[in-house]
Amino acid sequence: MRTHHPSNRLLTATGIALLRTDADALLFSAKSFAAAMLAYYIALRAGVPKPSWAIVTVYIVSQTSAGASLSRGVYRFAGTIVGAAATVVIVPCFVNDPLVCSVILAGWIGLCLYLSLLDRTARAYAFVLSGYTASLIGFPGVFNPAAIFDTASVRVQEISIGILCAVLVHRFVLPKRMTGQFTAKLSATLRDARRLAGDALHGSPGPEIRRDRDRLAGDLLALQGLAGHLPYDPVPVTPSRETLHLIHDRLARLLPLATEVGDRIHALRSADRGLPDELPNELAALLDEAGRWLAAADAAGRDAVAIRLIDRARTLRTRIAAEAVTAGGRLAANLAGHLAELIGLLHECDRLGRIVARSSARTAIAATMPPETASHRRAGRATGYVYHRDPWMAAWSALGAVAGIVIGCAFWIWSAWPEGGLAVSILGVCCALFGNVDTPAPNVVKYMTGSLVGVAVSLVYGFAILPRVTDFAGLAAVLAPSFLVAGSLQARPPTTYMALGITLTIPILSGLGASYAGDFAGSLNSVVALFAATGFAVVSMSLFQTIPVDAAIGRLLRLNRRDVRRRALGGAPDEALWTSLMIDRTALLLPRLRLSGASHPDVLDDTLRHLRVGHAAGRLHRAIRHLDGKDGQIAHDGFELLTAIALRFGSGYRAGPSDATALHRRIEALTARIAESPTAAGPIADNPIADRALLLDLLIDLRFALGLGGAVAWGTDR
């Protein structure tokens with residue numbers, strides 16, 4: 001019998017994936033070219049002055065899925081209308097002062113860039129296009145304000161034709177639906193979540209769990225990016241927003257929870273005395289069965305087992321908490337509670353994932369979810385993905401763009417360069433399109449490289465091929481090779497920017513107008529303006545818009561510490577929102593760490609620690625606030641502990657060798673006081689949130705989050 005080596009299977013799978021990618025790229029390229037030619041034909045028939053802009057718009061709008069193409073088209077149209085209207089208002093008002101007019105236009109582009117950096121959703125493209133359009137229309141019209149309205153009007157018409165054709169072709173010709181991509185990504189994310197939970201239960205090595213955590217954080221950001229286009233997908237029913245929010249909330253909570261469970265299992269396995277004899281056996285049996293449940297292949301068959309495991313873990317937690325008199329017993333109760341939550345989250349994610357896969361209607365959600373999920377929905381606690389937004393960093397990038405554009409305008413006006421308006425408009429486009437990353441200059445260089453290829457191809461077309469073309473069919477035939485190759489490159493992320501340089505340059509420089517009008521001098525001047533603008537954009541963005549990777553990492557960590565301090569002092573009480581925000585910051589750190597030349601081995605661990613400390617401190621503050629007035633001494637000690645934690649995460653704090661010991665002693669003293677207090681034995685102030693078991697659980701959570709779990713002999717009396 002012939003057996004296949006695992007490496008051969010891997011190579012086969014890789015080859016199939018590459019072939020599928022090639023096929024998808026070729027299909028995208030063919031549809032984009034068909035849409036471009038349709039747009040060009042309609043623009044010619046409509047008699048617009050520059051039909052080449054319809055082709056350019058098709059390639060800017062086109063995306064690899066029908067939903068993304070429609071959403072991008074809608075936002076481009078909205079941004080074009082707003083940008084054109086702003087230009088029509090700005091340019092005539094400063095007709096007598098070109099420099100002031102240029103500064104105001106640069107300020108508008110900066111404002112649009114600032115808003116796009118704050119938004120970070122698919123809507124951000126509308127803000128980008130508002131600045132992009134103002135740059136394209138406004139700067140060439142600074143010295144000809146009388147024609148600005150007509151220019152804006154025809155540009156909107158040309159762009160609208162391109163948007164319409166791109167959307168129609170990608171939507172109705174062999175459409176690639178975003179819903180299918182989202183469902184496939186969700187299935188992969190759920191597998192990653194189960195792998196992370198399984199690694200935590202089995203005590204896998206630290207690097208393996210870190211890799212699983214990082215993968216899950218990246219998965220959540222990717223899912224959110226896909227979900228933004230789902231409402232535009234051409235399917236009868238798409239998953240409801242609330243369903244997507246529920247899935248995200250549970251997966252986001254799972255990421256730190258898996259670490260919580262793993263830490264406690266490791267601590268209990270390290271305890272060698274003081275625990276009841278039967279306790280380790282019961283927990284071990286529960287953990288083994290949970291591990292088998294995670295590994296089960298039959299998703300539907302896991303439901304009944306999950307419900308039984310959750311009930312068993314909750315019963316065990318209640319019994320242990322009532323009988324626990326040692327630190328190890330309280331830790332075991334804490335582990336059982338977290339294990340019930342872990343299984344419950346994965347169980348709900350499985351069921352929600354099946355709902356999404358079936359594309360069920362909203363009304364089916366409540367009927368297929370467990371009671372805990374339905375009550376969670378009624379409480380309005382489905383938060384969904386929360387984006388990290390940094391106004392200061394956005395303002396830095398926006399002001400850098402304004403500075404670069406103003407310098408370019410000053411040189412243009414001072415030198416009276418005839419092609420200066422075109423050059424500055426291209427500079428503004430670069431600042432708007434590429435300014436949404438920390439280091440935009442490399443992307444501009446890729447675009448510039450593609451533009452160099454596009455210029456060479458354009459000159460061949462404009463002065464060797466197009467003069468011999470006599471009809472539209474012949475024109476489409478001679479354009480096909482270049483656009484099909486460039487379109488396939490555009491569908492591949494590593495070469496997208498370079499391909500855009502090709503597809504956006506050829507239609508304009510090759511003279512694709514209503515009739516052939518070869519103008520070598522005009523084309524040469526445009527080429528000089530193009531490369532002067534993109535070259536200056538690289539320099540300007542490197543000086544004014546680049547945020548060093550290490551500085552961006554450091555700022556995120558400082559914001560984490562600031563927010564932990566706020567939560568310890570009672571700010572931002574919504575735990576789900578806090579968890580989601582920190583997951584987004586983790587996802588933002590991942591690519592920056594890969595780009596950083598410095599070594600940051602503990603950054604992601606620190607971010608997870610900040611998440612866990614903030615979560616535990618916020619919940620503890622709320623619980624102690626309910627206790628205040630019932631047991632003043634416990635409340636006083638609790639607030640002192642939280643104040644000490646806030647100081648620990650304050651700006652300028654320098655940890656001393658004895659600080660961890662002092663914090664540990666505070667937690668120990670408060671734990672002992674709560675365990676011995678009769679007033680904390682049951683619900684406090686008629687609020688079950690602040691009972692003794694919960695307070696003890698939160699102190700254990702806080703101890704582990706602060707990294708003090710290893711300082712406790714969990715098997716001894718406390």
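Figure 1. L466 is buried, with a relative accessible area of 8%, where buried stands for under 20% relative accessible area, exposed for over 50% and partly exposed for in between, with a 1.4 Å probe and protein chains only. This is a predicted model, in which local features need pLDDT of at least 70 and side-chain atom pairs count only at pLDDT 80 or more, while totals for chains, interfaces and linings use all residues. Residues are numbered from 1 along each chain as its sequence is written, and side-chain values use heavy atoms, with hydrogens and water left out. L466 sits in the loop between α17 and α18, and its C-alpha is 8.3 Å from that of V478, a residue twelve places away in sequence. Helices here are DSSP runs (H or I, at least four residues) and strands likewise (E, at least two), numbered from the N terminus. Helix α17 covers residues 441-465, and its end C-alpha atoms are 34 Å apart, which agrees with the 36 Å that its 25 residues should span at 1.5 Å a residue; the expected span is 1.5 Å times one less than the number of residues. The buried residues of α17 are A441, N443, V444, Y447, G450, S451, G454, V455, S458, Y461 and G462, and their cover includes α16, α18 (472-490), α19 (496-509) and α20. An α-helix has 3.6 residues a turn, so residues three or four places apart point the same way.

Figure 2. Helix α4 (residues 98-119) has 22 residues and reaches 32 Å from its first C-alpha to its last, close to the 32 Å expected at 1.5 Å a residue. Its buried residues are C101, S102, L105, A106, I109, G110, C112, L113, S116, L117, L118 and D119. These pack against α3 (66-93), α5 (124-138), α15 (391-415), α16 (420-434) and α20 (520-545). R120 counts as partly exposed, at 25% relative accessibility.

Figure 3. S397 has its place in helix α15 and counts as buried at 3% relative accessibility. Leaving aside neighbours within four places in sequence, S397 is in contact (heavy atoms within 4.5 Å) with L113, L117, G435, Q545 and I547. Q545 belongs to helix α20 and, at 1% relative accessibility, also counts as buried. A416, in the loop between α15 and α16, has a positive phi of about 55 degrees although it is not a glycine, and A416 is exposed, with a relative accessible area of 58%.

**Figure 4. Close-up of the packing of helix α9 on helix α23.** Helix α9 (residues 241-270) and helix α23 (residues 603-627) pack at an angle of about 90 degrees, and their axes are 11 Å apart. The axes are lines fitted to C-alpha atoms, for helices over the stretch in contact, with angles from 0 to 180 degrees between N-to-C directions. That angle makes α9 roughly perpendicular to α23, a term for angles of 65 to 115 degrees, whereas under 35 counts as roughly parallel, over 145 as roughly antiparallel and the rest as oblique. The contact is made by R253, L255, P256, T259, E260, D263 and R264 of α9, together with L608, L611, R612 and H615 of α23. By class, four nonpolar, two polar and five charged residues take part; Ala, Val, Leu, Ile, Met, Phe, Trp, Tyr, Cys and Pro count as nonpolar, Asp, Glu, Lys and Arg as charged, and the others, Gly among them, as polar.

Figure 5. R665 has its place in helix α25 (residues 659-676) and is exposed, with a relative accessible area of 59%. R665 and L641, 24 residues apart in sequence, are 10.0 Å apart in space, C-alpha to C-alpha. The chain has 26 helices and zero strands, and 52% of its 718 residues count as buried.
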